[in-house]
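Student: Could you take me through one part of this model in close detail? I would like to look at a few charged side chains and their surroundings.

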Amino acid sequence: MKHIIIMTTGGTIAMIEDPQTQTVRPVANAADLTHAVPKLAEYATVSVEAISNVPSPHLTPAMMGELGRAVLERLQRDDVDGIVITHGTDTLEETAYYLDLILPPGKPVIVTGAMRSSNELGADGPLNLLNSVRAAASKEAHGQGVLVVFNDDIHAARFVTKTHTSNVATFQSPTVGPIGFLDKRTVQIRHVPKPHAHIPVDDLVAEVGLLKMAVGMDDLLINCLLDHGTKGIVIEALGAGNVPPGVVPGIKRALAQDIPVVLVSRCYNGIVQDVYGYEGGGKQLLDLGVLFSNGLNGQKARIKLMTALRETPVIADLSKYFDQE
Ligand SMILES: NC(=O)C[C@H](N)C(=O)O
């Protein structure tokens with residue numbers, strides 16, 4: 001039998017709904033969540049470690065860094081074959097992507113959670129947990145990088161995103177789709193994710209801002225970040241990678257101060273490119289020295305910048321991470 005460690009961090013999978021107030025709150029002991037799934041023992045020898053018990057909007061970069069170090073330490077043990085991390089869904093994709101960037105490929109690391117709390121009708125946590133342990137114990141998940149197992153689907157951490165506020169099918173991978181799925185008998189990987197940037201650091205730089213562009217915006221928020229000591233800025237640009245002209249002076253100021261600016265699109269699909277030559281267009285931004293991210297969404301480009309900044313603050317050196325997948 002494979003030995004899988006379940007590391008619990010909190011989230012709705014470890015919450016109950018109060019029938020009086022109809023609000024959802026954390027259970028006293030998150031490690032109890034395996035009690036609802038005796039079937040786990042059919043697939044692996046499981047041990048449970050409670051790392052934290054917080055809703056995922058309460059996570060901090062420091063906690064994420066600590067989790068990364070704890071996961072790496074366990075993966076290096078000969079008696080451990082894989083790790084499952086239970087997590088709140090709101091920021092699950094960020095933790096999964098951070099781990100994907102820093103961990104060496106090899107033993108399976110699966111991140112999962114639930115959309116319905118443990119006492120709600122149709123709670124999805126127990127099945128997600130069982131499927132995650134099945135995946136972690138499978139040879140199919142070996143060497144695929146960090147995976148998100150949710151609602152019978154298997155997603156690569158790099159592509160997956162939360163797309164719905166309440167539906168149990170919330171996790172989707174725009175453009176590429178899930179890389180595999182689980183059915184009653186098998187764990188199937190249908191496309192192998194491409195190799196991607198590996199940034200073997202042990203922490204993240206917290207001071208990185210994420211700004212979404214909208215019609216008629218100016219550089220007020222960029223200036224605000226710069227005035228407060230930001231170490232990097234990610235801009236969710238319009239369309240193929242364009243910003244309103246009023247934003248450009250702030251971008252120039254950031255780059256003049258050697259603060260990296262990373263560009264992603266606010267569009268759900270596609271990548272940013274130097275297509276438009278007008279003021280604020282992608283061509284101007286690229287010529288100024290803005291780093292174009294290769295299809296990441298805003299929150300993941302921020303995680304990549306926070307991770308890469310641990311290696312180097314030099315914009316020219318950071319660019320290689322954003323050229324890579
Ligand atoms: N479904 C969930 O887990 C959402 C919850 N607010 C969290 O992220 O902790």
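Predicted model: local features only at pLDDT ≥ 70, side-chain atom pairs only at ≥ 80, totals over all residues.

Tutor: Happy to! Lys 39 pairs with Glu 42 in a salt bridge, where the closest N and O atoms are 3.3 Å apart. The structure holds twelve salt bridges, and two others are worth a visit.

One of them joins Asp 79 to Arg 77, with 3.0 Å between the closest N and O atoms. Asp 79 is partly exposed at 39% relative accessible area, and Arg 77 is partly exposed too, at 33%.

The other links Lys 212 with Glu 236, and here the closest N and O atoms are 3.9 Å apart. Lys 212 sits in strand S13 (residues 208-212) and Glu 236 in strand S14 (residues 232-237), so this pair ties together parts that are 24 residues apart in sequence. Lys 212 is exposed, with a relative accessible area of 51%, whereas Glu 236 is buried at 12%.

For context, UniProt lists residues 208-322 as "domain: Asparaginase/glutaminase C-terminal" in an unreviewed entry. Over residues 208-322 the chain is 37% helix and 16% strand, and the end C-alpha atoms lie 16 Å apart. Further along, Val 275 is in the loop between strand S15 (261-265) and helix H6 (282-288). Together with Tyr 276 and Tyr 278, Val 275 forms a nonpolar surface patch of about 300 Å² accessible area.

Key. Residues numbered from 1 in each chain as written. Heavy atoms only, no water. Patch = residues over 30% accessible without salt bridge, like charges linked within 9 Å, V, L, I, M, F, W, Y side chains within 5 Å. Areas by Shrake-Rupley, 256 points an atom, 1.4 Å probe, with all protein chains shown as cover. Salt bridge = Lys/Arg side-chain N within 4 Å of Asp/Glu carboxyl O. Helix = DSSP H or I, 4+ residues; strand = E, 2+ residues; numbered from the N terminus. UniProt positions renumbered as here; feature names shortened; annotations may be inferred. Buried < 20%, exposed > 50% of the residue type's maximum accessible area, 1.4 Å probe, protein only.
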